[in-house]
Amino acid sequence: MEQLTVMVADDDQEIREGISIYLKNEGFLVVGAADGQEALDLLETTQVHLVIMDIMMPKLDGIYSTFKIREKRNIPIIMLSARSEDSDKIHGLSIGADDYVTKPFHPMELMARVKSQLRRYVMLGDYGQSSHTLEIDGLRLDSESKTVAVDGAEIRLTPTEFNITELLMQHPGRVFSIGEIYERVWREPAYNAENIVAVHIRKIREKIEADPKNPRYVKVVWGIGYKMEK
């Protein structure tokens, strides 16, 4: 497998260099950016497989930079912030981030999250499904090309959104609890996962449903969880 490249975008040079040391020790190539605009510029010329993005940066902050990245790319994005309020986490996830780490953090926790995101991004992530193509009533997912289309129109999903959609499509009609979805997709124990999963489900609906408030595919089973309609 090719050596994977991680971008660290943070205006604090010490934090940027500290994260880079741990990433290099784990075998990753690393590129750094001191602000959001530099991050966007580097992505135009450098193949990057994952971005670690600080929220508070000069020129362009992490929120807007993530929004701009999502217009063109579906690479995993892990957001960093000194703020721990749920509203900040939800905001970051809503505009396309895949994970969220609050400063201060243990470097090895961040490394574990980086590896987890890259596993889902690089591997097929098909949960043992023999066929790489799934289709339900006009919704088509290809796990090899990592593409999703609705009635022939391609839909751009983030890696996490893709994996949630794939999980549900592999088991049409089966209800997954929030904890099950989190543990199957994030591959770690579910802890305060309600908001994180709910935000991703909402974003999936906004992208694949003609009327997200009256969904055709992803249904909620109140008090239990979510399912993909047969």
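The legends below describe close-up views of a predicted model.

**View 1. The largest nonpolar core.** This core has 27 residues. L139, I164, V197, I208, V218 and M228 have the most contacts inside it. At least two core residues come from each of the strands β6 (133-136), β7 (139-142), β8 (147-150) and β12 (225-228), and likewise from each of the helices α6 (159-170), α7 (178-186) and α8 (194-208). Helix α6 gives the most, with five residues.

**View 2. Surroundings of V218.** V218 is among the residues with the most contacts inside the largest core. Leaving aside residues up to four places away in sequence, V218 touches L168, I201, I204, R205, I208, E209, K227 and M228. Of these neighbours, I208 and M228 are also listed with the most contacts inside the core.

**View 3. The second core.** A separate nonpolar core has 22 residues, including A9, V31, L40 and M79.

**View 4. Strand β1, residues 5-9.** Five of the five residues of β1 are buried. T5, M7 and A9 lie on one side and V6 and V8 on the other, so both faces of the strand are covered, with buried meaning under 20% relative accessible area.

**View 5. Pairing of β1 with β2.** β1 and β2 (residues 29-33) pair in the parallel sense over five bridges.

**View 6. Pairing of β1 with β3.** β1 and β3 (residues 50-54) run parallel and are joined by four bridges. Opposite V8 stands I52 of β3.

Conventions
Residues numbered from 1 in each chain as written. Predicted model: local features only at pLDDT ≥ 70, side-chain atom pairs only at ≥ 80, totals over all residues. Heavy atoms only, no water. Core = buried A, V, L, I, M, F, W, Y, C linked by side-chain atoms within 4.5 Å. Buried < 20%, exposed > 50% of the residue type's maximum accessible area, 1.4 Å probe, protein only. Contact = heavy atoms within 4.5 Å. Pairing = 2+ DSSP bridges.
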